[in-house]
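Subject: Structure for you to look at

Hello,

Here is the structure I said I would pass on. Please open it next to this message and follow along; my notes come after it.

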Amino acid sequence: MAARILPVVKLATKLTIAGGALYIACDSGLFGSSEQGTEALEKAKVAIPPAIEEWTKYFGLEAQLPTIPKIEFSPVQTWNSGVRWTISALSEAPTKATEYTNQGFQYMKELTK
């Protein structure tokens, strides 16, 4: 009986953790606008180091943790460049499809000569 319950408990635990992570991400604004994402990143930069320090003291770990790397790019600009590239590719898709189709027809004509 326990062998049948254990996989269900494992699945429920994984779903609970994933759901909680998704809820926290949505609640903090990570899936919102780029300004909300930047604000959430700044909050995380402030909150994470004290939490890690508290956990290491609580669990008795005296491990030396690496410093948090500096992020030298703007998430807003990175997001916007990705959106621009995607929209550009989508707008050029019909023209490119026509060009490639014509090239294919020309190639087939040359083969049949």
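A helix here is a DSSP run of H or I with at least four residues, a strand is a run of E with at least two, and both are numbered from the N terminus. Just after helix H1, Gly-29 takes a positive phi of about 95°.

Two remarks on where the values come from. The model is predicted, so local features need pLDDT of at least 70 and side-chain atom pairs count only at pLDDT 80 or more, while totals for chains, interfaces and linings use all residues. Residues are numbered from 1 along each chain as its sequence is written, and side-chain values use heavy atoms, with hydrogens and water left out.

Overall form

The protein has three helices and zero strands, in the order α-α-α from the N terminus. Its radius of gyration is 26 Å, whereas a compact globule of 113 residues would have one near 13 Å. That radius is taken over C-alpha atoms, and the globule rule is 2.2 Å times the number of residues to the power 0.38. Along the principal axes, the C-alpha trace spans about 80 × 50 × 30 Å.

Of the 113 residues, 4% count as buried. Buried means under 20% relative accessible area, exposed means over 50%, and partly exposed is in between (1.4 Å probe, protein chains only). The accessible surface comes to about 10,200 Å², and 67% of it belongs to carbon and sulfur atoms. Such areas come from the Shrake-Rupley method with a 1.4 Å probe; for residues, only the protein chains shown count as cover.

Helix H1

Helix H1 covers residues 2-28, which is 27 residues. From its first C-alpha to its last it reaches 38 Å, close to the 39 Å expected at 1.5 Å a residue. The expected span is 1.5 Å times one less than the number of residues. Gly-20 lies in H1 and is partly exposed, at 29% relative accessibility. Its C-alpha is 18 Å from that of Leu-41, which is 21 residues away along the chain.

How many salt bridges does the structure hold? There are two, a salt bridge being a side-chain nitrogen of Lys or Arg within 4 Å of a carboxyl oxygen of Asp or Glu. Side chains of opposite charge can pair when their charged atoms come close.

One joins Glu-39 and Lys-43, at 3.6 Å from N to O. These two are four residues apart in helix H2, so about one helical turn separates them. Glu-39 is partly exposed at 45%, and Lys-43 is exposed at 52%.

The other joins Lys-45 and Glu-42, at 3.7 Å from N to O. Both lie in H2, three residues apart, about one turn of the helix. Lys-45 is partly exposed at 36%, as is Glu-42 at 41%.

Lys-70 lies in the loop between H2 and helix H3 (75-112). Lys-70 is exposed, at 72% relative accessibility.

A nonpolar patch

Ile-48, Ile-52, Trp-55, Tyr-58, Phe-59, Leu-61 and Ile-68 make a nonpolar surface patch of about 810 Å². Patches take residues with over 30% relative accessible area and no salt bridge; like charges are joined within 9 Å, and nonpolar side chains (Val, Leu, Ile, Met, Phe, Trp, Tyr) within 5 Å. Trp-55 lies in helix H2 (residues 34-59) and is exposed, at 53%.

Regards
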